[in-house]
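Below are my notes on the model, as numbered points. Please read them alongside the structure.

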Amino acid sequence: MLKCLQVSCKHVQAVIDYQEGKPFKLAPRLTKSHVEPGTYDKMRVSMAAQLLSHSTGAAIRVLVELGQLGKEAITTAFFCEFINTWFDIMNNRCVQDSLFPGTVQKINTLKEVLDVVPQLTFGKPAYKPIQAGMQMSTQAVLTLYDDLVVRGNYKYLLNGRLTQDAVENLFSQIRGQSNPHPTPVQFKQNLRLIVLAQLLHVPGSSNYNDDDTPQLLDIIRERKKQEPPIVEEDTSAAASAAEVLYYSGELSLDACETNGLYYVCGWAVFKETKNLECAQCRNAVLATTINAPDINSPALLTAIKSLGGLAHPTQPVLQLLQNAEKNFSLNTDTIVHHSEPVKYMLEACMKEATNCNFPDCHAIMRKLLKRFIKLRMHIHASYINSKLIVTRQHGSRSAAEKTVIT
């Protein structure tokens, strides 16, 4: 049972404040722009999807379990997860996620949306256009499903094909060529260029995202597979790297970072074992027996966030990547200013992990470390870039596109 009936952005703000400045976050996509959007941020579908997502709901639930938020925040978490489920059903683009004749749970969710949405109030008790839009689109999908799949000859209904994303992406591309208000001749010329380019790139000023369907050009063109050149790794730098990274120091992680690090470890294990058939390697890195986590367990976020598909790392993997994080955190300046930071840190971590008992048949330990180090470098680069970004507001979209930021 929900403790209250109020959904508030202050709970999302609490998540953002709690994880501010930390490399491993409960909800990595959330930023201050999600709760304090600018003029054009409000029009971005991706930001709304990130805000009202399952990840946001899971992060709020973790803070409730840790005692950082009250029980009333569960309502906000539930609402985020509820809207995320509805959004996924309405925009599914995979056949396995479609509405089949025997689909019951998804249909019940859509019917529940029709019951819940009219009862929502936003501040003052007034019926908002968003409520009418959600009801109309949801009812249209249910009617099409009944006519085409239940009583018709269609095998399934792919809701992603019912949206206007393709048209919106096309218009966004045309306006983004150079002129936000093209003449008929310019429209025709831009359309020709876009057709030839097959929508391979969306301008950064666009409000819309790429469609995740395959491009026609990729289907027609036969790509030649090039074998990657065999590069012999120079292990002579391992000892010198280890000497630099070996020194006394302790890594202090709070509950947010511990849960985030555990989640990242599970991600690395999932990526490396997804197509791995070696049972010995899988058993060495992938935990099969998971106990119910408590508030002191690093697996709390993964357990709350998982819908059955998230991976849990074994204790040796967790210890291995914790040591790698320790080396990176305590020697960040030395590592990032190296000419080959990934290789430099990898060799140092491999030197330190000589006593780790991992199978050698598929070099699983090296692969896990390399994947983690690359992700860690990406996280650090994103943090540095976020400090350099200057946000500016403009009176119109054309003014924003023509402004040169120096």
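1. Contacts. Residues 24 or more positions apart account for 70% of the chain's contacts with a separation of 6 or more, a contact being heavy atoms within 4.5 Å. This is a predicted model, in which local features need pLDDT of at least 70 and side-chain atom pairs count only at pLDDT 80 or more, while totals for chains, interfaces and linings use all residues. Residues are numbered from 1 along each chain as its sequence is written, and side-chain values use heavy atoms, with hydrogens and water left out.

2. Secondary structure. The chain has 19 helices and 0 strands; these are DSSP runs numbered from the N terminus, helices being H or I of at least four residues and strands E of at least two.

3. Surface and burial. The accessible surface of the chain is about 24,700 Å², and 54% of that belongs to carbon and sulfur atoms (Shrake-Rupley method, 1.4 Å probe; for residues, only the protein chains shown count as cover). Of the 406 residues, 34% count as buried. Buried means under 20% relative accessible area, exposed over 50%, and partly exposed in between (1.4 Å probe, protein chains only).

4. Cysteines. The disulfide count is 0, a disulfide being a pair of cysteine sulfur atoms within 2.5 Å. C278 is in no disulfide, and its nearest cysteine sulfur, that of C281, is 3.6 Å away. C278 is buried at 16% relative accessibility, whereas C94 is partly exposed at 35%.

5. Helix α8. F171 lies in helix α8, residues 165-175. With a relative accessible area of 37%, F171 is partly exposed.
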